[in-house]
Amino acid sequence: MSTSFRDKFIEKLRTKIPSIQNLGTNTPVEIFQNNTLRPILKFQNDALIHIFLMDLKSKKQDFKTFNIKQKQLLIDNHLRENSNLRQLLLGMVVALFSSSEMGFYNSAHNELNKRIFSMLKA
């Protein structure tokens, strides 16, 4: 499978999000977030939630029993403390980057990782 075929295939998988507006004043990182990260996270949403809930279950925590504030706190704490889960979820996002997106990610990975986890928590 050639890179160009893979890139085209990956881009076709992504969900279009019509509510995202690029107003022309966005930084390259913001543009990447809107055009790449958000569609990937939307596409992977069910899988990301499933992995997170499986991890909680393995720790004998029942997510359903918490109220909304407790759930948000649990998500924040669990992602902060569980580096294996963080890396797994990050890998599920990064794996769907095209070759050119991977190049951009490599140049700004610290900022992009912060944005990925911020969106994952929301």
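Mentor: Glutamate 101 lies in helix 5, which covers residues 99–107. Please bear in mind throughout that the model is predicted.

Is this glutamate 101 buried or exposed? The relative accessible area of glutamate 101 is 11%. Because buried means under 20% relative accessible area, glutamate 101 counts as buried.

Which residues surround it? If residues up to four places away in sequence are set aside, glutamate 101 touches Arg14, Phe32, Thr36 and Leu96. With one of these, threonine 36, there is a polar contact: the two side chains meet at 3.1 Å. Leucine 85, by contrast, is 16 residues from glutamate 101 along the chain, and the C-alpha atoms of the two are separated by 23 Å.

Let us now follow helix 5 to its contact with helix 6. The axes of these two helices come within 5 Å and cross at roughly 100°. Helix 5 is therefore roughly perpendicular to helix 6. On the side of helix 5, the contact is made by Phe104, Tyr105, Asn106 and Ser107, while helix 6 contributes His109, Leu112 and Asn113. Sorted by class, this contact has three nonpolar and four polar residues, and no charged ones.

Leucine 112 deserves a separate word. Apart from its neighbours within four places in sequence, leucine 112 is in contact with Val29, Phe32, Leu37, Phe104 and Tyr105.

Helix 4 spans residues 83–94 and helix 6 spans residues 109–121; they pack at an angle of about 100°, with their axes 11 Å apart. These two helices are therefore roughly perpendicular to each other. Here Arg86, Leu89, Leu90 and Val93 of helix 4 meet Asn113, Ile116, Phe117 and Leu120 of helix 6. By class, this contact has six nonpolar residues, one polar and one charged. Asn113 of helix 6 takes part in this contact and in the contact with helix 5.

Finally, consider the chain as a whole. The chain contains six helices and zero strands, and its pattern along the sequence reads α-α-α-α-α-α. Its C-alpha trace spans about 45 × 35 × 25 Å along the principal axes. Of the 122 residues, 34% are buried, and glutamate 101 is one of the buried residues. Among contacts with a separation of 6 or more, 64% join residues 24 or more positions apart.

Note on methods
Residues are numbered from 1 along each chain as its sequence is written. This is a predicted model: local features need pLDDT of at least 70, side-chain atom pairs count only at pLDDT 80 or more; totals for chains, interfaces and linings use all residues. Side-chain values use heavy atoms; hydrogens and water are left out. Axes are lines fitted to C-alpha atoms, for helices over the stretch in contact, and angles run from 0 to 180 degrees between N-to-C directions. Helices (H or I, at least four residues) and strands (E, at least two) are DSSP runs, numbered from the N terminus. Angles under 35 degrees count as roughly parallel, over 145 as roughly antiparallel, 65 to 115 as roughly perpendicular and the rest as oblique. Contact means heavy atoms within 4.5 Å. Ala, Val, Leu, Ile, Met, Phe, Trp, Tyr, Cys and Pro count as nonpolar, Asp, Glu, Lys and Arg as charged, and the others, Gly among them, as polar. Buried means under 20% relative accessible area, exposed over 50%, partly exposed in between (1.4 Å probe, protein chains only). A polar contact is a pair of N or O atoms within 3.5 Å; within protein, one must be able to donate a hydrogen and the other to accept it, and residues adjacent in sequence count only if both atoms are side-chain atoms.
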